[in-house]
Amino acid sequence: MRRAFVQELAEIAERDARILLITGDLGFSVVEPFADRHPDRFFNAGVAEQNMVGLATGLAESGFIPFVYSIATFAALRPYEFVRNGPVLHQLPVRIVGTGGAFDYGTAGPTHHALEDVGIMRMQPGLAVICPADAQQTTSALHATWDLPGPIYFRVGKDETTCVAGLDGRFRLGGAELVRDGTDLLLLTTGSIAADTVAAAEALAGEGVSCAVLVVATLNPPPVEELEGALARFPVAVSVESHYVTGGLGSLAAEVIAEAGLRCRLSRCGVRRGSEGISGSEGWLAAQHGLSVEGLMSSAREALAQGCLTS
Amino acid sequence: MSEALTAGKAGGEASVTDSDVLSASISLQPIRRPWGSIAPARLAALQIRLTILEQAKRAGVGHVGSALSVADIIAALYAGGMDVADPDAPNRDRLVLSKGHAALALYAALHQRGWLTREELDTYCGDGSLLGVHPEHRLRGIDFSTGSLGHGLAMGAGAALAARLQGSSRRVFVLLSDGECNEGSVWESAMFAAHQELSNLIVLIDMNGQQALGYTRHVLDLEPMDRRWDAFGWDAQVVDGHDVGAMLDAIDRLDPVTGPPHVLVARTTFGRGVSFMENQIRWHYFPMSDQEYERAVDEVRAAE
């Protein structure tokens with residue numbers, strides 16, 4: 001997804017001279033397509049993320065559309081207050097591109113695991129938060145939002161090849177995409193775990209459980225009406241995200257259910273424990289937190305077994 | 001002139017003409033060196049001080065000492081140092097007041113230039129006002145909201161880089177406090193600006209030796225400040241932060257086109273102009289009593 005993102009950005013930059021790319025000294029083999037085509041609009045700010053976001057704020061105030069790039073933890077967490085007091089407070093078109101949510105950088109260890117980035121970014125008013133599900137949706141999300149007047153946080157995964165079946169790259173800012181319909185259970189998902197969510201739905205279908213899957217690529221502005229509409233149809237819903245269960249998609253779904261007074265029981269799949277310092281591959285770590293395809297299937301079965309709300 | 005510069009009493013309305021008189025006496029056009037800029041800048045500094053005292057008293061708020069500390073720096077910038085003839089001109093010079101807690105001094109200067117009305121100024125710290133203790137970018141002539149120390153230089157470096165990319169001759173001035181240089185982000189930006197040779201970036205450091213809970217030499221020693229910036233690749237020099245003429249001369253001599261970014265380490269006195277506030281930590285916080293206010297105004301007027 002990150003390569004698709006930079007490729008598309010390099011294309012857009014051909015047409016719009018306001019586009020800049022600033023990296024916090026990361027993106028080897030990712031940023032080159034932009035840097036090679038637009039060397040005068042590519043900057044390496046060094047390992048200094050606060051300054052990077054501050055620079056972008058100053059550049060945006062002067063009319064540019066700067067994209068700042070780093071691993072999600074460093075792009076989102078280190079300069080968070082600069083995001084808040086910069087592009088958010090001034091409502092400027094800065095784009096913060098965090099690569100690798102959750103366990104994408106699995107073996108790098110807990111310092112590189114972004115587990116709360118979406119939650120903290122979702123709290124900022126006027127900051128669009130976009131988590132594309134695959135490379136194709138990444139491209140269309142960038143295409144749909146590159147000239148948005150306000151700021152955007154993108155969480156962009158590392159997987160360039162997996163496609164989410166039924167998504168076909170569809171993206172609407174503030175929308176959600178139903179990629180599979182069903183009757184028993186609604187699976188809500190976001191970001192690069194969407195493909196595994198669909199895989200779990202397919203496997204559950206083999207067991208006779210009919211799952212709908214809604215891909216929520218925009219966490220802010222939240223697709224409230226579409227979530228309401230989808231959640232109202234099901235007695236049980238399961239949110240699936242590569243993130244702490246607090247703050248992200250599961251929290252958004254809970255807010256919608258509560259505020260709309262829906263009769264829907266929500267089960268949240270995500271990371272519930274702090275780091276134990278253990279490294280491993282992305283797949284292994286995800287499984288440890290119940291986020292493998294098998295883990296998701298198990299959570300879905302449990303949620304169904306718990307059943308709907310009683311009156 | 002000093003007769004005309006009568007500051008109003010706290011809460012009163014007698015002061016409404018003070019800055020109007022001054023506004024009329026100072027050309028709103030940029031006053032170019034070498035002739036005629038020092039005297040108006042000094043006069044501007046006097047009026048800034050009186051406005052600081054008047055508004056801080058009227059609003060019953062603190063941060064008086066910090067604002068007085070930068071009064072001469074702000075006066076030098078807005079009465080000759082910066083090209084600020086038209087607040088809406090895209091190529092006017094920019095100021096990032098990174099030490100946002102001195103915004104009252106900036107409001108006073110913007111009022112002198114006619115960018116803030118008397119009515120707007122009189123809402124300082126009131127309910128529903130855009131004029132808080134820290135500056136707000138929604139105000140005309142203020143480009144960046146500040147208040148969180150360590151943020152302004154990064155935005156200023158971005159603005160300076162933008163000017164270069166756009167082929168604009170505008171310069172970006174950033175006013176830092178010395179305590180602010182505790183922030184690591186300041187040095188991130190310092191490295192970047194030097195690496196990119198942002199010649200159009202001019203930092204002024206209000207070197208008053210105080211920070212919120214004590215003297216900087218006791219909290220986190222910052223000396224030798226000029227050598228630290230020099231080591232980071234900046235063109236660094238020390239100036240008297242209360243000598244508007246010296247600051248105007250120094251700014252005039254800077255090369256905004258080639259070479260490294262510039263820093264003027266401006267030696268200042270916290271609370272300058274009011275003897276009982278000078279170098280006193282408490283005047284970072286406290287509002288003035290009626291008696292203190294009258295004494296402060298008398299001292300500031302007597303100094304001219």
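**View 1. Strands S11 (236-244) and S12 of chain A pair in the parallel sense over six bridges.** Strands are DSSP runs (E, at least two residues), as helices are (H or I, at least four), numbered from the N terminus. Two strands pair if DSSP finds at least two bridges between them. Tyr244(A) stands opposite Val271(A) in S12(A). This is a predicted model: local features need pLDDT of at least 70, side-chain atom pairs count only at pLDDT 80 or more, and totals for chains, interfaces and linings use all residues. Residues are numbered from 1 along each chain as its sequence is written, and side-chain values use heavy atoms, without hydrogens and water.

**View 2. The open sheet of chain A has five strands, in the order S7-S9-S8-S11-S12.** Pairing is mixed. S7 (177-180) and S12 (265-271) of chain A stand at the edges with a single partner strand each, so one side of each lacks a neighbour in the sheet.

**View 3. Helix H10 (249-260) of chain A lies across S8, S11 and S12 of chain A.** H10(A) runs at about 165° to S12(A). Axes are lines fitted to C-alpha atoms, for helices over the stretch in contact (heavy atoms within 4.5 Å). Angles run from 0 to 180 degrees between N-to-C directions.

**View 4. Chain B meets chain A through 24 residues from chain B and 22 residues from chain A.** The buried area is about 1,900 Å² (accessible area, 1.4 Å probe, lost on being put together, summed over both). Carbon and sulfur atoms give 63% of this area. His151(B), Glu188(B) and Phe192(B) supply 27% of the area that chain B buries against chain A, more than any other three residues.

Technical notes: Chains lettered and ligands numbered in written order. Buried area = accessible area lost by both parts, 1.4 Å probe.
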